[in-house]
Amino acid sequence: MDARQLKVEAARAALAHVGSGMRLGIGTGTTADEFVRLLAEKVATGLAVIGVPTSERTAALCRELGVPLSTLEETPELDLTIDGADEIDPALTLIKGGGGALLREKIVAAASQRMIVIADQSKMVETLGRFPLPIEVNKFGLRATEIAVAAAAASLGLAGPVTLRMTGGQPFVTDGGHLILDASFGRIPDTRALSNALFAIPGVVEHGLFIGLASTAIIAGGDGIQTVHAARKPGSSIDHDVA
Ligand SMILES: O=C(CO)[C@H](O)[C@H](O)COP(=O)(O)O
């Protein structure tokens, strides 16, 4: 099975968790796009759901395929969010934001009773940090924020290039009008400490560490679908089911 097919299979397995009448957060990225395509087929045959998209890109795809949309203003409490991720660790802490939608993705996930993350098995890691951590920052004071990010990382023993994300020769601008710094710190042993340190910097709007938000990961691999549930309480074990 190729990488795209694995994404389709993860998305298909997640669709089984979607019931009629649900208020759904809908993620961003190539895996989330596969979910939207499958969801649209169900909607076309009568499934009644309302979706809150996590990006303009996802909103456009939903409109094109006929998935009914709402906003978080109209629908501030959601039943379930389904989204992709750039990395997933065994506790279901995530790195997200490779597609630049981390701020809306985190707001939508936090407004949802449950978040299911869908991915192919290449996204599973023992320790987060192989994928550069996206950090959404205000345009004002960019250089000062970059320096503060590097200093915050250094205080935790982390170091590495922090680069402004570019697209077509211009800085990438998020749906919220901000910029993104991609921080290549390598392994992040204490995600909570890094999260706290980044949030202490005024120019940081959001970062791509999703801690305690995903309740379930649906991972597609050559051997089938693996469903991983987050521990309900710190210290309790994580269930692994292979279907
Ligand atoms: O966080 C994201 C967008 O901001 C995506 O979920 C993440 O980048 C994964 O994308 P893909 O499914 O294309 O690998």
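Student: In strand E11, which residue is the bridge partner of Thr163?

Tutor: The partner of Thr163 in E11 is Asp182. Strands (E, at least two residues) are DSSP runs, numbered from the N terminus. This is a predicted model, where local features need pLDDT of at least 70, side-chain atom pairs count only at pLDDT 80 or more, and totals for chains, interfaces and linings use all residues. Residues are numbered from 1 along each chain as its sequence is written, and side-chain values use heavy atoms, leaving out hydrogens and water.

Student: Which strands pair with E11?

Tutor: Two strands pair if DSSP finds at least two bridges between them. Strand E8 (residues 162-164) runs antiparallel to E11, joined by three bridges. Strand E7 (residues 133-137) is also antiparallel to E11, with five bridges; there, Leu133 is partnered with Ala183.

Student: Which way do the residues of E11 point?

Tutor: In a regular strand, side chains alternate between the two faces of the sheet. Here Leu179, Leu181 and Ala183 point one way, and Ile180 and Asp182 the other way. All are buried, meaning under 20% relative accessible area (1.4 Å probe, protein chains only).

Student: Thanks! Now the ligand: what does Thr30 do there?

Tutor: A polar contact is a pair of N or O atoms within 3.5 Å. A polar side-chain atom of Thr30 lies 2.5 Å from a ligand oxygen atom. For a polar backbone atom of Gly99, the distance to an oxygen atom of the ligand is 3.3 Å. The ligand taken alone exposes 380 Å², and the protein buries 91% of that, with areas from the Shrake-Rupley method and a 1.4 Å probe.

Note on methods
A polar contact is a pair of N or O atoms within 3.5 Å; within protein, one must be able to donate a hydrogen and the other to accept it, and residues adjacent in sequence count only if both atoms are side-chain atoms. Buried means under 20% relative accessible area, exposed over 50%, partly exposed in between (1.4 Å probe, protein chains only). Helices (H or I, at least four residues) and strands (E, at least two) are DSSP runs, numbered from the N terminus.
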